[in-house]
Amino acid sequence: MNQPVKESDMTVTWHRDESHLPPALRGLRIPLIGAPLFIISVPDLVIAQCKAGIIGSFPALNAREGEGEPPLLEAWLKRITEELDRHNQENPDRPAAPFAVNQIVHRSNARLQRDIDICVKWKVPVWITSLGARPEVNEAAHSVGGVVLHDIINNTFARKAIEKGADGLIAVAAGAGGHAGQQSPFALVREIRSWFDGPLALSGAIASGEALLAARAVGADFGYMGSPFIATREANAVEDYKRMIVESGAEDIVYSSLFTGVHGNYLKKSIERAGLDPDNLPESDPSSMNFSSGSSKPKAWKEIWGSGQGIGDVRDVVPATELIDRIDREYRAAGARLAAEFRGA
Ligand SMILES: Cc1cc2nc3c(=O)[nH]c(=O)nc-3n(C[C@H](O)[C@H](O)[C@H](O)COP(=O)(O)O)c2cc1C
């Protein structure tokens, strides 16, 4: 007779068929990508994520040098590459996961070509593209063996991204932080999986190992987790923002187009603090999007803070490695619990 698997049994191992994934995306400690977060994702956070065994990432636009200074992006890539190399030499039994750089492929991003050239020079292993699928970005990534994941909010954009040469997709579903979609993750992933069997990550309110397992169950290869990393020591966010993430839940998230011209999810309390009524925000339109200063959010709304709906699971500000340990424990326990239900079936 099968023995019941105890939830407390953290020695549970899992085996998955990764043969459909490019080598750079195989062998992670858990199938999780730390999502790129504007301003917040900095080398300290990326390095901690990768050393803990998940893909860490940052938007290229976060590396902003002063007038006349050499490109900060280059310094960041050098540091990340060297620190991860050192970690791998010292820890051959638990090598770091690869890192990813996010490119905002929007016509107002005047730095795009320069940033692509720097990423080619440093042979960035994983490229995440947002707000536009362009073949030349994919070609640049492929020229140095990079893998491109493009983020989309519906099946039409997903098809376009693959047609234009992306290797994989990030399905940004309802409840995600930043520019979230409006579709249920169940609907979005299943529609994409009806024609696409390549790498697929699911984004939106994944903040626990249970939710990560659900993403895998519905057909995604990876969870893509952003907001919980805001409440980590390494995140480049003010303490107030971190605390607000810890103290808020799904009901405290407002979906609005006002701040950037594209719908996104924001912390209600930060909107109230700015003197606005979160229940009566006017609409804005995509023509107001402009990344020339790095963010598409006007300075007046700098203190309006983004977050996804999953933050009810975030109970404290912790080092990133502790957060990843928690997700790992929960993922294995949830997997074991469900597997036990199917024994002998
Ligand atoms: C504060 C904040 C900033 C973000 N900045 C970016 C960004 O610069 N580029 C990008 O592709 N996605 C960005 N995102 C979206 C995330 O990469 C990811 O899709 C999202 O956080 C996942 O949902 P979750 O927050 O519920 O985990 C941002 C999200 C948040 C919360």
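**Entry 1**

I started at Leu 202, which stands opposite Gly 223 in β8. Bridges come from DSSP, and I call two strands paired if DSSP finds at least two bridges between them. Strands here are DSSP runs (E, at least two residues) and helices are H or I runs of at least four, numbered from the N terminus. The model is a predicted one, in which local features need pLDDT of at least 70 and side-chain atom pairs count only at pLDDT 80 or more, while totals for chains, interfaces and linings use all residues. My residue numbers run from 1 along each chain as its sequence is written.

Strand β7 (residues 200–203) runs parallel to β8, joined by three bridges. On β1 (residues 32–34) I again found three bridges to β8, also parallel. Here Leu 32 stands opposite Gly 223, and Gly 34 has Met 225 as its bridge partner.

For buried I use 20 or more other C-beta atoms within 10 Å of the residue's own; 12 or fewer is exposed, in between is partly exposed, and C-beta atoms are placed from the backbone.

I also traced β7, helix α7 (residues 209–218) and β8, and they make a right-handed β-α-β unit. Right-handed means that, with the strands pointing away from the viewer, the path from the first strand over the helix to the second runs clockwise.

**Entry 1: the whole sheet**

I then followed the order of the open sheet: its eight strands run β1-β8-β7-β6-β5-β4-β3-β2, with parallel pairing. Which strands stand at the edges? They are β1 and β2 (56–59), each with a single partner strand, so one side of each has no neighbour in the sheet. Neighbouring strands are turned by 25 degrees against each other on average, direction ignored. The axes behind such angles are lines fitted to C-alpha atoms, for helices over the stretch in contact, and angles run from 0 to 180 degrees between N-to-C directions.

Four bridges tie β2 to β3 (residues 99–104) in parallel, and Gly 56 sits opposite Phe 99. With helix α2 (residues 72–90), β2 and β3 form a right-handed β-α-β unit.

**Entry 2: β5**

How many residues of β5 (residues 147–152) are buried? I found six of its six. Val 147, Leu 149 and Asp 151 point one way and Val 148, His 150 and Ile 152 the other. Four bridges join β5 to β4 (residues 126–130) in the parallel sense, with Val 126 partnering Val 147. Another four join β5 to β6 (residues 168–172), also parallel, and there Asp 151 stands opposite Ile 170.
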